[in-house]
Amino acid sequence: MARREGLLNQLADELGNNVYARCVDVADTKRAQAVLMNLIEGMGGVDLIVISAGTGQVNNNLDWPPEQETIGTNVEGFTALAVAACHHFTERGTGHLVGISSIAALRGGRESPAYNASKAFESNYMEGLRQKFKKLKIPITVTDVKPGFVDTAMAKGDGIFWSAPPAKAAKQIFRAIERRKSKVYITKRWRLIAWLLRLIPSAIYERL
């Protein structure tokens with residue numbers, strides 16, 4: 001499932017037979033849920049769902065439209081698909097949900113406040129789901145993938161460093177999924193940045 005139909009069809013053609021493709025914008029939450037459930041039904045059920053849709057813009061002027069778009073996609077769209085996926089996995093009695101959040105989830109950010117906040121929402125939501133399934137004793141894995149900078153169109157703003165090639169990031173994400181990790185930083189060295197971000201006192205961080 002993807003929003004850009006041309007790229008989606010191109011990928012489907014490259015993959016060949018036995019591919020199911022649907023065009024949808026996750027911000028249209030009601031339709032996105034319906035399309036996902038229709039896709040799952042058409043495939044006869046699924047074991048793994050990866051939610052990687054996301055958006056964010058540098059918004060130094062704090063204009064409302066970019067913040068609204070970010071919230072609509074990263075909060076409402078993400079949650080709508082996560083809920084649909086979890087209902088399917090609960091009925092199935094097993095499954096694996098993967099959400100692509102961000103290293104930005106760890107602290108607020110002046111250049112795009114809604115982006116950092118929305119990624120924090122995603123991480124906390126996945127933690128809540130993980131807790132829920134453990135309480136219910138249902139073997140559903142929830143993996144929170146926190147990428148740093150990856151060399152794609154999403155890498156925006158000043159001070160971009162440690163930007164990973166997409167192929168390297170994808171390989172590490174795939175390994176984390178295989179190992180059914182709860183949390184993973186992409187690439188691995190971003191664990192150091194995560195550690196530093198947690199240690200910086202608010203009085204210092206707010207001046208950065």
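How are α3 and α4 oriented to each other, roughly parallel or roughly perpendicular? The axes of helix α3 (residues 64-92) and helix α4 (residues 113-136) cross at roughly 15° and come within 9 Å, and the two helices are therefore roughly parallel to each other. Angles under 35 degrees count as roughly parallel, over 145 as roughly antiparallel, 65 to 115 as roughly perpendicular and the rest as oblique.

This is a predicted model, in which local features need pLDDT of at least 70 and side-chain atom pairs count only at pLDDT 80 or more, while totals for chains, interfaces and linings use all residues. Residues are numbered from 1 along each chain as its sequence is written, and side-chain values use heavy atoms, with hydrogens and water left out.

**Overall build**

The chain has seven helices and four strands, where helices (H or I, at least four residues) and strands (E, at least two) are DSSP runs numbered from the N terminus. Read from the N terminus, the order of elements is α-α-β-α-β-α-β-α-β-α-α. The C-alpha trace spans about 50 × 40 × 30 Å along its principal axes. For 208 residues a compact globule would have a radius of gyration near 17 Å, and the value of 17 Å for the chain agrees with this. That radius is taken over C-alpha atoms, and the globule rule is 2.2 Å times the number of residues to the power 0.38.

**Sheet and helices across it**

Four strands make an open sheet with parallel pairing, in the order β1-β2-β3-β4; two strands pair if DSSP finds at least two bridges between them. β1 (48-51) and β4 (183-186) are the edge strands, each pairing on one side only. Strand β2 (residues 95-100) and strand β3 (residues 140-147) run parallel and are joined by six bridges. I100 has V145 in β3 as its bridge partner.

| Helix | Strands crossed | Angle |

Axes are lines fitted to C-alpha atoms, for helices over the stretch in contact, and angles run from 0 to 180 degrees between N-to-C directions.

**The α3 and α4 contact**

The contact (heavy atoms within 4.5 Å) involves residues of α3 including I71, V75, F78 and C86, and residues of α4 including Y115, F121, M126 and F133. The residues of this contact divide into 14 nonpolar, five polar and three charged. Ala, Val, Leu, Ile, Met, Phe, Trp, Tyr, Cys and Pro count as nonpolar, Asp, Glu, Lys and Arg as charged, and the others, Gly among them, as polar.
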